[in-house]
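Dear colleague,

Please find below the structure that I am handing over to you. A short account of the findings follows it.

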Amino acid sequence: MKNYDFPILGEEKELPFFVISTGYCDNNDLVFSKTGYPFYRLFICTSGQGIFKYDGYNYTIAKNNALLIPPGEKFDIDQTTNSISLYWVNFHGSSTDSLINKYFNFENPVVNIDDMEIVMRIYDKISNYNTDAINNFNMSNSISLYMLILEIQKQHRFYKYKNRSVKLNQLMPIIEYMNNNVEKDITLDQLSEIGGFTPQYICRLFKECLNLRPFEYFTKVRIAHAKKILLETDLHINKIGERIGFTDCSYFCSAFKKSENCSPAEFREMNK
């Protein structure tokens with residue numbers, strides 16, 4: 001079975017994100033595109049399993065997965081179980097490309113959904129648009145679409161981090177040491193001794209779990225401490241820098257501005 005729904009669009013096309021259509025298909029009538037659509041299509045799989053074929057690759061999509069097809073991409077799908085259920089939403093807008101490039105990786109387009117009930121609750125708001133189309137010009141649809149994309153990515157990240165819990169636990173003694181020793185010059189060898197791993201493995205843990213190098217993270221810890229001191233005390237800027245391990249005030253101000261897009265003095269003035 002295949003089903004389509006199309007909202008009546010007007011001012012919505014001027015919005016950063018807008019819904020073009022929603023739909024559903026199952027194993028009796030799977031979708032495909034020989035030419036590619038001129039918009040994004042987000043698939044959500046609620047049961048079964050299939051193989052998406054696009055851009056010369058095969059991607060397995062199964063229950064609790066989502067997959068995004070970019071504009072202009074031809075695709076096909078074969079079911080690999082007795083049944084499969086796919087919901088989709090077609091969308092575009094002036095800010096869609098920047099949003100998608102930020103949150104989706106087309107080299108690995110399948111994402112994992114940890115709580116399908118929440119995702120489908122948002123999807124239902126998009127597909128049941130007729131009740132408020134006249135009053136809201138379907139603008140609530142655009143809000144729900146934005147929420148859907150962010151919710152799927154939030155759940156995908158949670159899924160990845162949940163599966164990395166062992167590695168995160170390995171990092172915790174090191175992170176705790178960093179938080180408690182912001183004023184010290186820490187070396188990678190010291191972190192290796194604290195964690196009980198090689199320096200190379202420490203670097204890999206930080207990259208995999210936090211997408212940062214160890215001392216990039218340590219700088220962020222120091223800046224977080226600096227912000228707290230700036231707002232809770234009247235200490236001079238150079239004294240605050242020394243308290244969090246920066247002996248050179250200009251280097252402290254440079255690192256702070258790179259992180260916060262303002263100087264320590266400007267941060268204090270804006271927030272106090």
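Which residue in strand 2 is the bridge partner of Tyr4? The partner is Gly23. This is a predicted model, in which local features need pLDDT of at least 70 and side-chain atom pairs count only at pLDDT 80 or more, while totals for chains, interfaces and linings use all residues. Residues are numbered from 1 along each chain as its sequence is written, and side-chain values use heavy atoms, leaving out hydrogens and water.

Helices (H or I, at least four residues) and strands (E, at least two) are DSSP runs numbered from the N terminus. Two strands pair if DSSP finds at least two bridges between them. Strand 1 (residues 2-5) is antiparallel to strand 2, with 4 bridges. Strand 2 also pairs with strand 6 (residues 75-92), again in the antiparallel sense, over 8 bridges; here Tyr24 stands opposite Tyr87. Of the 9 residues in strand 2 (residues 18-26), 9 are buried (under 20% relative accessible area, 1.4 Å probe, protein chains only).

A nonpolar core is a set of buried Ala, Val, Leu, Ile, Met, Phe, Trp, Tyr and Cys residues joined through side-chain atoms within 4.5 Å. The largest has 28 residues, and Met178, Phe252 and Phe256 have the most contacts inside it. Helices 5, 7, 8, 9 and 10 each supply at least two of its residues, and helix 8 gives the most, with 7. Leaving aside residues up to four places away in sequence, Phe252 touches several residues, including Ile223, Ile240 and Pro264 (contact means heavy atoms within 4.5 Å). A second, separate core of 24 residues includes Leu68, Val89, Ile126 and Leu145.

Yours sincerely

Technical notes:
Buried < 20%, exposed > 50% of the residue type's maximum accessible area, 1.4 Å probe, protein only.
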